[in-house]
Amino acid sequence: MDLQILDDGKGVKFTATPVNKANNPVTLPAGVVPVWTSSNPAVLSVTADPSDSTGLTALGTAVSDGTGVVVSLTATLPDNTIIKDDGSDAPIDVILDTQASGFIIQEAAQ
(Lines give C-alpha, C1' and ligand atoms only; values in the text may rest on other atoms or scores of the structure.)
Protein backbone atom coordinates (compact mmCIF):
# COMPACT_ATOMS: atom_id res chain seq x y z
CA MET A 1 0.00 0.00 0.00
CA ASP A 2 1.31 3.45 -0.90
CA LEU A 3 0.53 6.73 0.86
CA GLN A 4 0.55 10.16 -0.79
CA ILE A 5 -0.12 13.51 0.90
CA LEU A 6 -2.67 15.46 -1.16
CA ASP A 7 -1.68 18.84 -2.58
CA ASP A 8 -4.23 20.68 -0.45
CA GLY A 9 -2.59 19.28 2.69
CA LYS A 10 -5.98 18.18 4.03
CA GLY A 11 -5.76 14.48 3.39
CA VAL A 12 -3.95 11.50 1.98
CA LYS A 13 -4.40 9.21 -1.00
CA PHE A 14 -3.85 5.49 -0.54
CA THR A 15 -3.00 3.23 -3.47
CA ALA A 16 -3.04 -0.55 -3.17
CA THR A 17 -1.45 -3.05 -5.54
CA PRO A 18 -2.72 -6.64 -5.47
CA VAL A 19 0.14 -9.16 -5.28
CA ASN A 20 0.45 -12.94 -5.39
CA LYS A 21 2.25 -15.13 -2.81
CA ALA A 22 5.58 -14.32 -4.50
CA ASN A 23 4.81 -10.61 -3.99
CA ASN A 24 4.41 -10.02 -7.74
CA PRO A 25 1.65 -7.67 -8.97
CA VAL A 26 -1.55 -9.35 -10.18
CA THR A 27 -5.02 -8.21 -11.24
CA LEU A 28 -8.08 -8.71 -9.07
CA PRO A 29 -10.81 -10.85 -10.63
CA ALA A 30 -13.69 -8.97 -12.27
CA GLY A 31 -16.36 -7.90 -9.83
CA VAL A 32 -14.12 -7.94 -6.74
CA VAL A 33 -14.59 -4.67 -4.86
CA PRO A 34 -11.99 -3.82 -2.20
CA VAL A 35 -13.27 -2.29 1.05
CA TRP A 36 -11.25 0.43 2.82
CA THR A 37 -11.57 1.09 6.56
CA SER A 38 -9.98 3.36 9.13
CA SER A 39 -9.28 2.14 12.66
CA ASN A 40 -10.43 5.55 13.88
CA PRO A 41 -12.83 7.32 11.49
CA ALA A 42 -13.25 10.12 14.04
CA VAL A 43 -9.61 11.05 13.26
CA LEU A 44 -9.17 9.91 9.64
CA SER A 45 -12.15 9.19 7.41
CA VAL A 46 -11.34 6.85 4.48
CA THR A 47 -13.47 6.35 1.38
CA ALA A 48 -12.84 4.71 -1.99
CA ASP A 49 -11.65 7.23 -4.58
CA PRO A 50 -14.69 7.80 -6.84
CA SER A 51 -12.41 8.46 -9.83
CA ASP A 52 -10.97 4.90 -9.64
CA SER A 53 -13.31 2.16 -10.82
CA THR A 54 -10.98 -0.58 -9.51
CA GLY A 55 -11.41 0.47 -5.88
CA LEU A 56 -7.65 0.25 -5.38
CA THR A 57 -7.27 3.88 -4.36
CA ALA A 58 -8.86 5.64 -1.42
CA LEU A 59 -8.97 9.14 -0.05
CA GLY A 60 -8.32 9.83 3.62
CA THR A 61 -9.70 13.03 5.09
CA ALA A 62 -8.38 14.39 8.38
CA VAL A 63 -11.21 14.92 10.85
CA SER A 64 -9.35 15.65 14.08
CA ASP A 65 -5.96 15.20 15.71
CA GLY A 66 -5.02 11.65 16.60
CA THR A 67 -2.22 9.12 16.54
CA GLY A 68 -1.77 5.54 15.44
CA VAL A 69 -4.57 5.36 12.86
CA VAL A 70 -4.40 2.20 10.76
CA VAL A 71 -5.98 2.03 7.30
CA SER A 72 -7.04 -1.45 6.20
CA LEU A 73 -8.07 -2.96 2.89
CA THR A 74 -9.95 -6.23 2.37
CA ALA A 75 -11.52 -7.99 -0.60
CA THR A 76 -13.47 -11.22 -1.00
CA LEU A 77 -12.43 -13.30 -4.01
CA PRO A 78 -14.97 -15.32 -6.05
CA ASP A 79 -14.07 -18.52 -4.10
CA ASN A 80 -14.86 -16.61 -0.84
CA THR A 81 -11.19 -16.29 0.09
CA ILE A 82 -10.66 -13.02 1.94
CA ILE A 83 -7.48 -11.16 1.18
CA LYS A 84 -6.39 -8.21 3.28
CA ASP A 85 -3.72 -5.75 4.19
CA ASP A 86 -4.25 -4.48 7.69
CA GLY A 87 -1.65 -1.74 7.34
CA SER A 88 -0.56 -2.38 10.93
CA ASP A 89 3.05 -1.79 10.02
CA ALA A 90 2.27 1.81 9.01
CA PRO A 91 0.07 3.64 11.52
CA ILE A 92 -0.63 7.29 10.68
CA ASP A 93 -0.55 10.29 13.00
CA VAL A 94 -2.99 13.06 12.04
CA ILE A 95 -2.15 16.62 13.03
CA LEU A 96 -4.48 19.26 11.66
CA ASP A 97 -2.89 22.53 10.55
CA THR A 98 -5.57 24.91 11.80
CA GLN A 99 -3.49 27.55 13.59
CA ALA A 100 -2.92 30.84 11.79
CA SER A 101 0.69 31.34 10.76
CA GLY A 102 0.46 34.25 8.32
CA PHE A 103 -1.74 36.15 5.86
CA ILE A 104 -2.49 36.00 2.17
CA ILE A 105 -3.48 39.37 0.71
CA GLN A 106 -5.32 39.52 -2.59
CA GLU A 107 -6.00 42.68 -4.55
CA ALA A 108 -9.20 43.20 -6.50
CA ALA A 109 -10.23 46.00 -8.85
CA GLN A 110 -12.93 48.33 -7.45
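User: Where does Asn 23 lie?

Analyst: Asn 23 lies in the loop between E2 and E3. Strands here are DSSP runs (E, at least two residues), numbered from the N terminus, and helices are runs of H or I with at least four residues. This is a predicted model, in which local features need pLDDT of at least 70, side-chain atom pairs count only at pLDDT 80 or more, and totals for chains, interfaces and linings use all residues. Residues are numbered from 1 along each chain as its sequence is written, and side-chain values use heavy atoms, with hydrogens and water left out.

User: Is Asn 23 buried or exposed?

Analyst: Asn 23 is exposed, with a relative accessible area of 57%. The cut-offs are under 20% relative accessible area for buried, over 50% for exposed and partly exposed in between, using a 1.4 Å probe and protein chains only. Asn 23 also has a positive phi of about 70°, although it is not a glycine.

User: And what is phi of Asn 80 near?

Analyst: Phi of Asn 80 is near 75°, a positive value in a residue other than glycine. Asn 80 sits in the loop between E7 and E8 and counts as exposed at 60% relative accessibility. E7 and E8 form a hairpin with 5 residues between them.

User: How many bridges join E7 to E8?

Analyst: 4 bridges join E7 to E8, and the two run antiparallel. Two strands pair if DSSP finds at least two bridges between them. The bridge partner of Thr 74 is Lys 84 in E8.

User: What order do the strands of the open sheet have?

Analyst: The open sheet has 3 strands in the order E3-E7-E8, with antiparallel pairing. E3 and E8 (82–85) stand at the edges with a single partner strand each, so one side of each is left without a neighbour in the sheet. The twist averages 20° from one strand to the next, where axes are lines fitted to C-alpha atoms (for helices over the stretch in contact) and angles run from 0 to 180 degrees between N-to-C directions.

User: How many bridges join E3 to E7?

Analyst: 4 bridges join E3 to E7 (residues 71–76), and these strands run antiparallel. Thr 37 stands opposite Ser 72 in E7.

User: Stepping back, how many helices and strands does the chain have?

Analyst: The chain comes to 0 helices and 9 strands. Of its 110 residues, 27% count as buried.

User: Change of topic. How many aromatic pairs does the structure hold?

Analyst: The structure holds 1 aromatic pair. The rings of Phe 14 and Trp 36 have their centres 6.1 Å apart and their planes at 35°, so the pair is tilted. Rings of Phe, Tyr and Trp (its six-membered ring) pair if their centres lie within 6.5 Å; planes under 30 degrees apart count as stacked, over 60 as edge-to-face and the rest as tilted.

User: Which strands hold Phe 14 and Trp 36?

Analyst: Phe 14 is in E2 (residues 11–15) and Trp 36 is in E3 (residues 35–38), 22 residues apart, and the pair links distant parts of the chain. Phe 14 and Trp 36 are both buried.

User: Which residues have the most contacts inside the largest nonpolar core?

Analyst: That core has 17 residues, and those with the most contacts inside it are Phe 14, Trp 36, Leu 44, Val 46, Val 71 and Ile 92. A nonpolar core is a set of buried Ala, Val, Leu, Ile, Met, Phe, Trp, Tyr and Cys residues joined through side-chain atoms within 4.5 Å. E2, E4 (44–48), E7 and E9 (92–94) are the elements that give two or more residues to this core. E7 gives the most, with 3 residues.

User: What is Leu 44 in contact with?

Analyst: Leaving aside neighbours within four places in sequence, the contacts of Leu 44 include Phe 14, Val 71, Ile 92 and Val 94. Contact means heavy atoms within 4.5 Å.

User: What about Thr 57, buried or exposed?

Analyst: Thr 57 is buried, with a relative accessible area of 10%, and lies in E5 (residues 57–62). Its side chain and that of Asp 52 are joined by a polar contact of 3.0 Å. A polar contact is a pair of N or O atoms within 3.5 Å; within protein, one must be able to donate a hydrogen and the other to accept it, and residues adjacent in sequence count only if both atoms are side-chain atoms. Not counting residues up to four places away in sequence, Thr 57 touches both aromatic residues, Phe 14 and Trp 36, among others.
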